Amino acid sequence: MPNKKYDIERDMQYLQLLAKSFPNVPAASTEIINLSAILNLPKGTEHFLADIHGEHEAFIHVLKNASGRIKLKVDEIFGEYLPAQAKKELCTLIYYPERKLELVKANTEDLQEWYCMILHQLVRVFREVSSKYTRSKIRKSLPDEFSYILEELLHERPEEADKAAYVNVIINTIISTGSADDFITAMANVIQRLAIDQLHILGDVYDRGPGAHIIMDKLANYHSWDIQWGNHDMLWMGACAGNDACICNVIRLSLRYANLLTLEDGYGINLMPLATFAMETYGDDPCDAFVPRLNADDKSRFDQKTIRLMTMMHKAISVLQFKAEAQIFKRNPSWKMENRCMLETIDFRTGMCRLEGKEYKMLDMNFPTVSPESPNEFTPEEAMLMEKLRHSFRVSEKLHSHIRTMLTHGCMYAIYNNNLLFHASVPLNEDGTLKSVELMPGVFLSGHLLMKRTGMLVRSAFQNDTTPEEKTYARDYFLYLWCGKDSCLFDKAKMATFERYFLADKETHVEPKGAFFRLRDKEETADTILDAFGVTGDNRHIINGHVPVHVASGESPIRANGKLMVIDGGFAEPYHKETGIAGYTLVYHSREFELVQHEPFTNVEDAVREGRDIKSNMQIVENIGRRMLVADTDRGKELQAQIEDLHELLYAYRHGFIKEVK
């Protein structure tokens, strides 16, 4: 590095702190060499997923197969050397080592020979996926019990004659000591881990599917990930914070899709008080609009008595929801949502509903708990029920643990390597300019400041140092984020839940979308947003989800001349008919962006027994034109800044400003 003058006196306090970690010239020099070498490694692989919606088996399988990257690596390594079936078996072993080993041991005559063959194959895959990482990073990913052996196998080359015997002895000893199963499992897990360097979740872990809690368990222990909160995540965060309307919405959606596993089994939410109340209140009501949406498996899993109970519970919680929402809307007039106090729109004498100056006939007028004079008030029984439900959410330790994980790893938006990530939208005016939104009474913000302050408001609902008034507003605001007109997570004129249940006229079901969704195909719209968020560079993008891409109808996830990528492909089973596929993964490695389109995942049993992987189609979205290095990434900029600081520390040592510790 050329000679450079430093303002040592200005930086002395920082340099003295840095000197505690690098106490002399050799230590600082070694770190400069190490960081400089890292800058020239290939960029790590990033995976982007959106709208998982509780489909835990498909999600976990996509993590295990790295969106098909592991299969590609196996094909590249073994080519024609291994037949297709053998490569499929090897991939399945990497994805599900414990379960595949059980099958192999039950059906293999010469297990010792198989162990020897498969261990050599796994070592080759291990070497390939670890090639872009430093020894230090690889070491941190290794299990303690096998770290030394794995490092030896990684860095020794059996093709060299003098090393072949050494490697073979290691592998044979692993087998002879009865450690082969544990070693294979450990190596498979390391391969999975190294195949994905950073995982980005663009919102909506919750609702629809049965295993959101299982997904959160997986993420809580994942090596490197972040999340941009989605509207369904926000609903569960609000329920955890004690927002009555969010609690009701969470339960209503679970009943609507006949999915109570996350609520009851995952988080221990007690729904017995709701069931008792529903049977007493709606026992003679057919509740036709509230029959759960059942798929083929549900119809065989639930008997008619259970379906009937869920139907009554569904109506009971829906009415409770409309009351809870109205109470919050009334409490926050700045939101201008009092026109969504839906029970007030009913004329109980005529059975008509009045919306926007027009009258519509109600499909159902059985509201035994609604008083025409004060329709938004809870009855004493409803108030008691609401308190019991609120208590159940409040004392669920696992739910609170998962929401803390969401808060730790999440935010409203993020910028990684010139990619702007958010779940749904950036509110815009009709001319494509950023829309100023009233976040709190008298506080108007737009763009990145709106999202940043929204994230701070969300966090304040869980903090103890906020005033009671601030905490109440923050708790209420979860509902606005779920269904507010200018919410970054909704951005529609209304949420027509009431209309879909009670009005036949389809025109009332329409939820007009905000300007962002009408303008997002335009490149200038993407540029306006990227400029406002300070995202620069030739290869910059917006990546989001929220609105399913109707692939079956010819809709493309790539918009705005390649600057906007919408990767909600419908992981959840209810969306499969709508989208025609079963989810997207966006993969950003050192050479290109790849969009991976997934077909439905059957189940783990089929994957293990038949080697049935998710069928995925890969499309190159953008070829970088050269291999990106760590130096080209945000992490590279951070490392370069650290190198500069260390050079300044060297200068301070060599010119006597700071004394070395030998």
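Visitor: Which side chains meet in a salt bridge at 3.2 Å, N to O?

Guide: Side chains of opposite charge can pair when their charged atoms come close. Here Lys563 and Glu523 form such a salt bridge (3.2 Å, N to O), the term meaning a side-chain nitrogen of Lys or Arg within 4 Å of a carboxyl oxygen of Asp or Glu. The pair links distant parts of the chain, 40 residues apart: Lys563 sits in the loop between strand 13 (558–559) and strand 14 (564–566), and Glu523 in helix 25 (residues 523–532). Helices (H or I, at least four residues) and strands (E, at least two) are DSSP runs, numbered from the N terminus.

This is a predicted model, in which local features need pLDDT of at least 70 and side-chain atom pairs count only at pLDDT 80 or more, while totals for chains, interfaces and linings use all residues. Residues are numbered from 1 along each chain as its sequence is written, and side-chain values use heavy atoms, with hydrogens and water left out.

Visitor: With which residue does Asp527 form a salt bridge?

Guide: Asp527 pairs with Lys563, their closest N and O atoms being 2.7 Å apart. Salt bridges that share partners join Glu523, Asp527, Asp531, Arg540 and Lys563 into one network.

Visitor: Is Lys563 buried or exposed?

Guide: Lys563 is buried, with a relative accessible area of 17%; buried means under 20%, exposed over 50%, and partly exposed in between (1.4 Å probe, protein chains only). Asp527 is also buried, at 19%, whereas Glu523 is partly exposed, at 28%.

Visitor: How many salt bridges does a search of the whole structure find?

Guide: The search finds 37. One of them joins Lys398 and Asp217 (3.0 Å, N to O). Lys398 lies in helix 20 (residues 397–409) and Asp217 in helix 12 (residues 212–220), so this pair ties together parts that are 181 residues apart in sequence. Lys398 is partly exposed at 32%, and Asp217 is partly exposed at 30%.

Visitor: At what angle do helix 18 and helix 22 pack?

Guide: Two packed helices are described by the angle between their axes and the distance between the axes. Helix 18 (residues 304–331) and helix 22 (residues 468–483) pack at about 115 degrees, with axes 10 Å apart. Axes are lines fitted to C-alpha atoms, for helices over the stretch in contact, and angles run from 0 to 180 degrees between N-to-C directions.

Visitor: Which residues of helix 18 and helix 22 meet?

Guide: Glu325, Ile328, Phe329 and Arg331 in helix 18 meet Thr472, Asp476, Leu479 and Cys483 in helix 22, contact meaning heavy atoms within 4.5 Å.
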